[in-house]
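Q: Please take a close look at the aromatic side chains of this model, and then set the helix packing beside them.

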Amino acid sequence: MNEQKIYDMVIIGGGPAGATAAIYAARAGLASIIIEQMNIGGEIVSTDRLDNYPAFPEGISGAEFGMLLQQQMESLDVPVEMTQVEHVTLEGEVKKVETISGSVAGKTVLIATGTEPNLLGVKGETELLGRGVSYCATCDAAFFRGKNVAVVGGGDAALEETIFLARFAEKVYLIHRRDQFRGCSWLQDKVMKIPSVEILWNTTISEIEGEKKVDGLKIKQDGQDRDLDVQGLFIYAGRKPKTGFLEGVEMERDDRGFIITSGKMETSIDGVYAAGDIRKKYLRQVITAASDGAIAATAAAQYLFT
Ligand code: NAP
């Protein structure tokens, strides 16, 4: 019977955090494997442009960034298993990562699975998903050329995607529940300068209307009910950590489920690290995810070899 290979580091998630960890693991001589359910690059692949990463003065498209990361994994011979993790057993010297296609063993594990969108929780949201309701402007904006759309949210994602949507839609309503954005002032300034964007402050969505596709919104603006004529709604109401596979695992997390780590990316379980957006942290960006990955792999190498 073949003995199961035990990797030095099993990296769950192939976004900027996981991929950078693989680069640093390779440099430190660790045998690592990435388990990724979608594509190398993670969420950034569905972002129109990455404008705040050093050494790209003109920015770079999310898709190209992901492709370059993928090439880097290939040139380093990092194995990538495209599958979904179902459960993990993290205690003890050999940790097990159970996927829908089998089990992978490692002396250390890095959790770098990032986040997923929060639902708005209003009538019509799930019923009309893919039929006017979307969580990804970069994927779906082209379907709304010349139409009216709304974006909900007041963070960086809502602002960034409003700018992107304005290139396609006739009119973009940006709906925010307060009278102040949470997103950075640089993006706010850009949004305010686009003539086809109308900001609806102190506004919430009560219902997404439509039988087969979105044909309007019921909103409450400054306490007054109103109808909004839109054919699309893009939801950016924040994100939650992607940690379904950690169910039943005792690991220190904050009240929103983000993993608490030390400065060396150590979780509360020996030999288990977390990096990127999944962590409780101050700034969620590609650059800080990459930084976390580099630190985690370096700390794991030190853990294994000293
Ligand atoms: P976020 O910063 O958490 O913002 C979420 C927004 O959604 C907030 O404005 C919030 O309103 C609103 N919201 C939450 N629940 C809502 C609900 N039920 N109904 C209506 N509105 C709701 O999330 P994000 O914009 O997705 O960004 C996530 C992280 O990624 C952040 O750290 C962000 O900086 C980062 N990011 C960075 C970039 C960039 O640098 N280019 C781009 C995208 C994302 P309140 O403000 O009232 O709470």
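A: In this predicted model, a search of the whole structure finds six aromatic pairs. One of them joins Tyr53 and Phe56, whose ring centres lie 6.2 Å apart with the planes at 40°, so the pair counts as tilted, given that stacked planes would be under 30 degrees apart and edge-to-face planes over 60. Together with Phe65, Tyr53 and Phe56 make up one aromatic cluster. Another ring, that of Phe258, has Arg284 lying over its face, at 4.1 Å from the ring centre.

Turning to the helices, H1 (residues 16–27) packs with H6 (residues 286–305) at an angle of about 35°, the axes being 7 Å apart, and the crossing is right-handed. On the H1 side the contact includes Pro16, Ala17 and Tyr24, which along with other residues of H1 meet a set in H6 that includes Val286, Gly293 and Thr298. By class, this contact has ten nonpolar and three polar residues, with no charged ones.

Helices H4 (residues 156–165) and H5 (residues 185–192) have axes that come within 9 Å and cross at roughly 35°, in a left-handed crossing. Asp156, Leu159, Glu160, Thr162 and Ile163 of H4 make this contact with Leu187, Gln188, Lys190 and Val191 of H5, and by class the contact has four nonpolar, two polar and three charged residues.

Technical notes: Residues numbered from 1 in each chain as written. Predicted model: local features only at pLDDT ≥ 70, side-chain atom pairs only at ≥ 80, totals over all residues. Heavy atoms only, no water. Axes fitted to C-alpha atoms, helices over the stretch in contact; angles between N-to-C directions. Helix = DSSP H or I, 4+ residues; strand = E, 2+ residues; numbered from the N terminus. Left-handed = near helix turned anticlockwise from the far one by under 90°. Contact = heavy atoms within 4.5 Å. Nonpolar A, V, L, I, M, F, W, Y, C, P; charged D, E, K, R; others polar. Phe/Tyr/Trp six-rings, centres within 6.5 Å; stacked < 30°, edge-to-face > 60°. Lys NZ or Arg CZ within 6 Å of the ring centre and 35° of its normal.
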